[in-house]
Amino acid sequence: MKLLILTIVSACLLTSQVSAFPHLSPQALRDLLKRGGPGAKSCPFGHDSTQQKEKRAVGFDPVAQHVSTTGQHAFVPPNIAGGDKRGPCPGLNALANHGYLPHNGIAPMTTIIQAVTDAYGMALDLATFLAVYGTVFDGDSLSLTPGYSIGGPAYVGPSVGGALGGLGILRTPSGLSGSHNNYEADTSATRGDFYVVGNDLLEVEFFQQYYDALLENTPAPQQYSALFRFRQGRFNHSISTNPYFFFPQFAGVLVAPAGYAFPPAFMSNKSAEYPSGYLSKENLKSFFAVSGQSGAFTYQAGYERIPDNFYKRAIGDEYGIVNFILDVLQFANQDQRLLSVGGNTGTTNSFTGIDPAALTNGVFNGATLADGNNLQCFIFQLIQAEAPGLLTGVYSDLTKALQPLMDNIDTNLQGLGCPQLMEVDESLYEKYPGYMKAKGV
């Protein structure tokens with residue numbers, strides 16, 4: 001059965017992945033195919049398939065779901081002074097501290113995909129898309145080993161055409177910590193806004209709010225639902241304290257919610273009692289490098305840790321793009337601002353959203369953005385349209401550098417019946433100082 005599934009997935013992916021990752025070695029490509037990715041409409045394991053949309057009853061297998069934290073996966077703290085990279089994503093930091101990612105925090109794309117599927121039970125479509133996006137925007141997609149730093153700037157490896165500054169990548173890749181408004185955005189669950197306090201370090205005040213909002217002895221899906229007021233409060237906090245607050249299409253509308261959805265989805269411990277997971281407050285502290293008692297927490301930067309006796313999502317219950325979109329919409333249906341591309345216009349409490357119809361020349365509109373597949377179509381096509389401008393000056397051959405991302409998005413959108421976005425009026429962003437500042441203008 002395992003061989004049959006691998007054969008089907010490989011057949012679905014081979015055409016698009018070979019063209020998308022022309023610099024992967026044959027072995028690296030085989031590794032990626034083993035981990036999969038979003039399939040075409042005809043693929044029975046594609047993200048839009050009935051098998052994935054219709055959830056089976058979640059079971060619990062303590063052998064298959066156990067995540068090792070011993071031996072080669074024992075916790076080893078980072079040597080930040082020695083160059084180890086840790087950044088704004090606690091889940092990736094924990095994977096590096098446990099050897100699922102390279103300990104220095106500079107990871108090949110295929111390794112990232114394998115790590116998040118093996119340790120957390122992330123579905124292949126979401127794992128592949130996030131790894132590809134991070135590589136293109138924050139790393140080096142033209143490297144012989146494409147990947148990126150989970151923290152600050154770092155050079156990944158030999159680029160096409162020669163050394164750094166040669167014919168491939170034209171500057172040191174930013175890493176996740178330097179990806180403000182591209183991958184990382186304001187309104188984080190536990191980090192401060194970039195232009196207020198920086199985005200790398202946890203703010204104990206915000207963690208305390210998360211801790212207090214987390215329901216105890218409750219299944220993870222219900223724990224997530226109960227975080228809405230906390231999420232809304234953090235959005236309001238950015239509006240009221242950050243004149244540079246900007247909420248872009250991907251990093252804001254789609255990635256910022258991950259700070260609220262991903263901990264219950266991936267950091268909750270699965271068990272026979274809680275097959276869909278339960279995120280205890282002690283495990284929350286462990287994953288976020290926090291110790292001490294409520295009201296007197298201590299944060300040790302970079303020490304994010306997978307708890308012992310941890311069990312990931314069940315096989316067949318992996319969390320993918322469809323699950324994430326539904327979680328985003330669950331909160332957005334309670335506060336439509338959470339789907340609003342926009343920001344403060346130079347002063348606090350001046351949040352102004354952009355009309356999707358004006359941005360997309362009428363292809364999308366705010367009234368129907370939460371309907372059907374519209375949100376996924378809207379965000380992914382905006383990425384395709386805007387990526388060349390955002391990456392100008394980063395790669396010498398922008399078309400080749402963007403190919404992995406464009407191919408991946410095309411595959412994700414197959415079968416969704418998306419209206420065709422032809423142009424984006426990016427001039428509408430220019431009234432937002434946070435957008436202009438991130439672009440260096």
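## Q232 and its helix

Q232 sits in helix α9; helices here are DSSP runs of H or I with at least four residues, strands are runs of E with at least two, and both are numbered from the N terminus. This is a predicted model, in which local features need pLDDT of at least 70, side-chain atom pairs count only at pLDDT 80 or more, and totals for chains, interfaces and linings use all residues. Residues are numbered from 1 along each chain as its sequence is written, and side-chain values use heavy atoms, with hydrogens and water left out.

Is Q232 buried or exposed? Q232 has a relative accessible area of 16%, so it counts as buried (under 20%; exposed is over 50%, partly exposed lies in between, with a 1.4 Å probe and protein chains only). Leaving aside residues up to four places away in sequence, Q232 touches D335 and R337, where a contact means heavy atoms within 4.5 Å. Q334 is 102 residues from Q232 along the chain, yet their C-alpha atoms are separated by 9.3 Å.

## Helix α9 and what covers it

Helix α9 runs over residues 228–241, and its 14 residues should span 20 Å at 1.5 Å a residue; the end C-alpha atoms are 20 Å apart, which agrees. The expected span of a helix is 1.5 Å times one less than its number of residues.

Which residues of α9 are buried? They are F228, F230, R231, Q232, R234, F235, S238 and I239. As background, an α-helix has 3.6 residues a turn, so residues three or four places apart point the same way. The cover over the buried residues of α9 includes the helices α7 (204–213), α8 (220–225), α11 (258–267) and α13 (321–332), along with strand β5 (246–247).

Two strands pair if DSSP finds at least two bridges between them, and β5 meets β9 (residues 342–343) in the antiparallel sense over two bridges. The bridge partner of F246 in β9 is G343.

## The largest cavity

Rolling a probe the size of a water molecule over the atoms shows where empty space is left. On a 1 Å grid over the protein atoms alone, a cavity is a set of points where a 1.4 Å probe fits but cannot get out; a pocket is an open set with protein on both sides within 12 Å along at least five of seven lines, and lining residues have an atom within 4 Å of a point. Grid points are joined across faces, edges and corners, and a volume is the space filled by probe spheres set on the points.

The structure holds six cavities of 30 Å³ or more, and the largest contains about 710 Å³ of space. Its lining has 34 residues, with P88, C89, P90, A258 and F262 nearest the centre. The elements giving two or more residues to this lining are α4 (90–97), α5 (109–120), α6 (124–138), α10 (251–255) and α11. Helix α11 provides the largest share, six residues. By type, the lining divides into 27 nonpolar, five polar and two charged residues; Ala, Val, Leu, Ile, Met, Phe, Trp, Tyr, Cys and Pro count as nonpolar, Asp, Glu, Lys and Arg as charged, and the others, Gly among them, as polar.

## The second largest pocket and helix α6

The second largest pocket has a volume of about 450 Å³. Of its 24 lining residues, R171, N182, L390, A438 and K439 are the closest to the centre. Two or more lining residues come from each of α6, α15 (374–390) and α17 (433–438), and α15 gives the largest share, three residues. This lining divides into 10 nonpolar, 10 polar and four charged residues.

Helix α6 has 15 residues and reaches 20 Å from its first C-alpha to its last, close to the 21 Å expected. Because 14 of those 15 residues are buried, α6 is largely enclosed by the rest of the structure.

## Two positive phi values

Most residues other than glycine have a negative phi. T187, in the loop between β4 (147–149) and α7, has a positive phi near 70 degrees. N217, in the loop between α7 and α8, has a positive phi near 50 degrees. T187 is buried, with a relative accessible area of 0%, whereas N217 is exposed at 60%.

## The whole chain

The protein has 17 helices and 10 strands. Of its 441 residues, 56% count as buried. Among contacts between residues at least 6 apart in sequence, 69% join residues at least 24 apart.
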